[in-house]
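Hi,

Here is the structure I promised to pass on. Have a look at it first, and then read my notes below.

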Amino acid sequence: MNKKHLFDYIISIADNSLILAQRLGELCGHGPTLETDIAGTNIALDLIGQTRNYYQYAAQIQGEGKTEDDLAFLRLEREYKNVLLVEQPNEHFGYVMGRQFLFDVYHLLFMNELLKSKDETLAAIAKKGIKEVSYHKRFSGDWVKRLGDGTEESNQKMQEAIDELWAYTDELFDQPEADKTMIAEGVAVDTLKFKETYYEEVSTLLKEANLQVPESKYFIRGGKTGVHSEFMGYILSDMQYMQRTYPNMEW
């Protein structure tokens with residue numbers, strides 16, 4: 001097995017959850033209600049937990065004596081391989097729920113397939129996290145419906161969020177070289193197999209929410225190859241501050 005490609009593949013999965021968790025963490029204490037605020041923070045913690053499992057395994061595969069913290073906090077921007085969707089800013093609550101929903105539908109389909117991986121560690125991580133991801137999808141989907149089918153203003157904001165975020169969805173299904181190699185070995189998830197299902201599920205809920213399904217075929221990509229949006233540098237400056245300011249600190 002190509003260990004470099006396996007490492008790169010695991011990193012790309014972990015980075016999605018890490019950066020999305022960081023975005024959600026920014027909202028701690030700023031939710032519209034206490035219950036919703038706590039729920040969002042718990043989702044962030046769920047994602048961090050999954051991320052830790054991935055990074056621990058990646059560090060083991062890499063074999064350079066690095067830790068999960070090294071991989072999470074001490075890489076350069078171009079070394080992160082998360083999709084652009086998860087690094088988009090917290091414009092407003094509807095935008096946050098739209099971003100979460102568009103990722104959650106993908107994430108649950110992905111985890112269901114990762115359960116079948118020939119890599120026992122990845123399959124075990126999926127088995128452990130799939131119930132959490134199922135809840136994430138239900139939570140964000142419910143909010144998209146509530147906002148879309150709510151007031152005129154909430155519908156308008158939810159629609160604007162979906163229209164803007166739609167351009168980042170196609171990248172979810174891109175397959176860099178590491179993905180293709182690991183798919184051939186039965187380790188990675190062939191995301192193209194559920195791409196149609198993804199858009200069907202998303203479209204069905206949007207219609208239930210009294211929202212229009214975007215017809216745009218223009219998609220933005222780059223994150224999976226390390227080319228990020230202007231927001232990524234700000235995310236990393238916040239996230240990496242302590243580790244870079246106090247190197248080798250033991251907490």
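To start with the helices: in which hand does α1 pass α2, left or right? The crossing is left-handed, a term used if the near helix is turned anticlockwise from the far one by less than a right angle, with clockwise giving right-handed. Before going on, note that this is a predicted model, where local features need pLDDT of at least 70, side-chain atom pairs count only at pLDDT 80 or more, and totals for chains, interfaces and linings use all residues. Residues are numbered from 1 along each chain as its sequence is written, and side-chain values use heavy atoms, leaving out hydrogens and water.

Back to that pair. Helix α1 covers residues 3–25 and helix α2 residues 34–62, and they pack at about 160 degrees with axes 8 Å apart. Helices here are DSSP runs (H or I, at least four residues), numbered from the N terminus. Axes are lines fitted to C-alpha atoms over the stretch in contact, and angles run from 0 to 180 degrees between N-to-C directions. α1 and α2 are therefore roughly antiparallel, the word for angles over 145 degrees. Their contact is made up of 19 nonpolar, six polar and two charged residues. Nonpolar means Ala, Val, Leu, Ile, Met, Phe, Trp, Tyr, Cys and Pro, charged means Asp, Glu, Lys and Arg, and the others, Gly among them, are polar.

Another pair to look at is α4 and α5, whose axes come within 7 Å and cross at roughly 145 degrees. This crossing is left-handed, and the contact has 17 nonpolar, ten polar and two charged residues.

Now the inside. The largest nonpolar core has 77 residues; such a core is a set of buried Ala, Val, Leu, Ile, Met, Phe, Trp, Tyr and Cys residues joined through side-chain atoms within 4.5 Å. Helix α4 (93–114) gives the largest share of this core, 13 residues. Leu-114 is among the residues with the most contacts inside the core. Beyond its neighbours within four places in sequence, Leu-114 is in contact (heavy atoms within 4.5 Å) with residues including Tyr-9, Tyr-54 and Val-187.

Met-97 also sits in α4. With 5% relative accessibility, Met-97 counts as buried, which means under 20% relative accessible area with a 1.4 Å probe, protein chains only. Leaving aside neighbours within four places in sequence, Met-97 touches Phe-139, Ser-140, Trp-143 and Val-144.

Asn-210 has a positive phi, near 65 degrees, and lies in the loop between α8 and α9.

Cheers

Definitions and conventions. Helices (H or I, at least four residues) and strands (E, at least two) are DSSP runs, numbered from the N terminus. Angles under 35 degrees count as roughly parallel, over 145 as roughly antiparallel, 65 to 115 as roughly perpendicular and the rest as oblique. Buried means under 20% relative accessible area, exposed over 50%, partly exposed in between (1.4 Å probe, protein chains only).
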